[in-house]
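Subject: Structure handover

Hello,

Here is the structure for you to look at. My notes on it follow below.

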Amino acid sequence: MKQLICLISIYCCYFVSGVPVFCQEQAKQEKAVSPTPKVEKYWFVMIKTGPRQDLDSASKTKLFEGHMANMKRLYEEGILKVAGPFGKNELNWRGIFIFDCKTKEEAEEITSTDPAVKAGLFVVDIVPWYTEPSGNFIHGKPAKPNN
């Protein structure tokens with residue numbers, strides 16, 4: 001449709017003024033306004049309640065401390081781009097991670113470094129997830145790691 005409008009405009013411009021300026025300017029504006037985003041693959045990790053819910057509170061506290069330390073390490077290494085818990089729900093969803101890594105096998109290896117996953121307190125589902133690498137999703141280590 002845009003091509004038809006441009007052709008009609010060009011014809012009219014030539015016919016009326018001899019200069020097809022409208023379509024050239026419109027094409028320049030469209031290129032400037034709507035660049036094609038670069039979309040890349042990341043790994044979405046759904047963290048769910050695991051089978052080992054029979055642990056005492058001291059054991060769970062120690063596992064959560066390890067879980068948090070592991071997340072900090074992964075963030076500082078530039079692997080963990082997003083992490084966060086869910087509120088109470090009937091789906092057994094506990095939280096999410098989004099990893100910047102190449103393969104599902106690599107994402108599985110990364111999640112196996114989490115003490116709470118190792119202990120069975122959590123289980124995970126891992127699927128590819130796509131976005132433009134900007135903001136939190138810029139590849140590599142963060143410019144200013146959390147302290």
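**Overall layout**

The protein chain has five helices and four strands. These are DSSP runs, numbered from the N terminus: helices are H or I with at least four residues, strands are E with at least two. Along the sequence the pattern reads α-α-β-α-β-β-α-α-β.

The model is predicted, so local features need pLDDT of at least 70 and side-chain atom pairs count only at pLDDT 80 or more, while totals for chains, interfaces and linings use all residues. Residues are numbered from 1 along each chain as its sequence is written, and side-chain values use heavy atoms, with hydrogens and water left out.

Of the 147 residues in the protein chain, 29% are buried. Buried means under 20% relative accessible area, exposed means over 50%, and partly exposed is in between (1.4 Å probe, protein chains only). Contact means heavy atoms within 4.5 Å. Among contacts in the protein chain with a separation of 6 or more, 72% join residues 24 or more positions apart.

**The core**

In soluble globular proteins, nonpolar side chains tend to be buried together. Here, the largest nonpolar core has 19 residues. F97 and F99 have the most contacts inside it. β1 (40-49), α3, β3, α4, α5 (115-118) and β4 each supply at least two residues of this core. A nonpolar core is a set of buried Ala, Val, Leu, Ile, Met, Phe, Trp, Tyr and Cys residues joined through side-chain atoms within 4.5 Å.

Start with F99. Leaving out residues up to four places away in sequence, F99 touches Y42, W43, V45, L74, I79, L80, A107, I110 and T111.

V45 is next. It sits in strand β1. Its relative accessible area is 0%, so V45 is buried. With residues up to four places away again set aside, V45 touches G95, I96, F97, F99, T111, V124, D125 and I126. The C-alpha atoms of V45 and E108 are 9.2 Å apart, and the two residues are 63 residues apart along the chain.

T111 belongs to helix α4 (residues 104-111). T111 is buried because its relative accessible area is 5%. Its contacts, not counting residues up to four places away in sequence, are V45, F99, V117, V124 and I126.

V124 is in strand β4. At 23% relative accessibility, V124 counts as partly exposed. Beyond its neighbours within four places in sequence, V124 is in contact with V45, M46, I47, T111 and V117. V124 and F44 are 80 residues apart along the chain, with 9.8 Å between their C-alpha atoms.

**Aromatic pairs**

How many aromatic pairs are there? The count comes to six. The rule: rings of Phe, Tyr and Trp (its six-membered ring) pair if their centres lie within 6.5 Å; planes under 30 degrees apart count as stacked, over 60 as edge-to-face and the rest as tilted.

The ring centres of F64 and F122 are 5.7 Å apart and the planes are at 80 degrees, so this pair is edge-to-face. The pair links distant parts of the chain: F64 is in helix α3, F122 is in strand β4 (residues 122-131), and 58 residues separate them. F64 counts as partly exposed, at 30% relative accessibility. F122 counts as buried, at 4%.

Ring pairs also link Y42, W129 and F137 into a cluster.

**The largest pocket**

The largest pocket has a volume of about 170 Å³. A pocket is an open set of points on a 1 Å grid over the protein atoms alone, where a 1.4 Å probe fits, with protein on both sides within 12 Å along at least five of seven lines; lining residues have an atom within 4 Å of a point. The volume is the space filled by probe spheres set on the points.

The lining is I47, F64, H67, M71, A83, G84, P85, R94, G95, I96, F97 and F122. β3 gives the most, with four. The lining divides into eight nonpolar, three polar and one charged. Ala, Val, Leu, Ile, Met, Phe, Trp, Tyr, Cys and Pro count as nonpolar, Asp, Glu, Lys and Arg as charged, and the others, Gly among them, as polar.

**One backbone point**

Most residues other than glycine have a negative phi. N92 has a positive value, near 65 degrees. N92 lies in the loop between β2 and β3. At 44% relative accessibility, N92 counts as partly exposed.

Best regards
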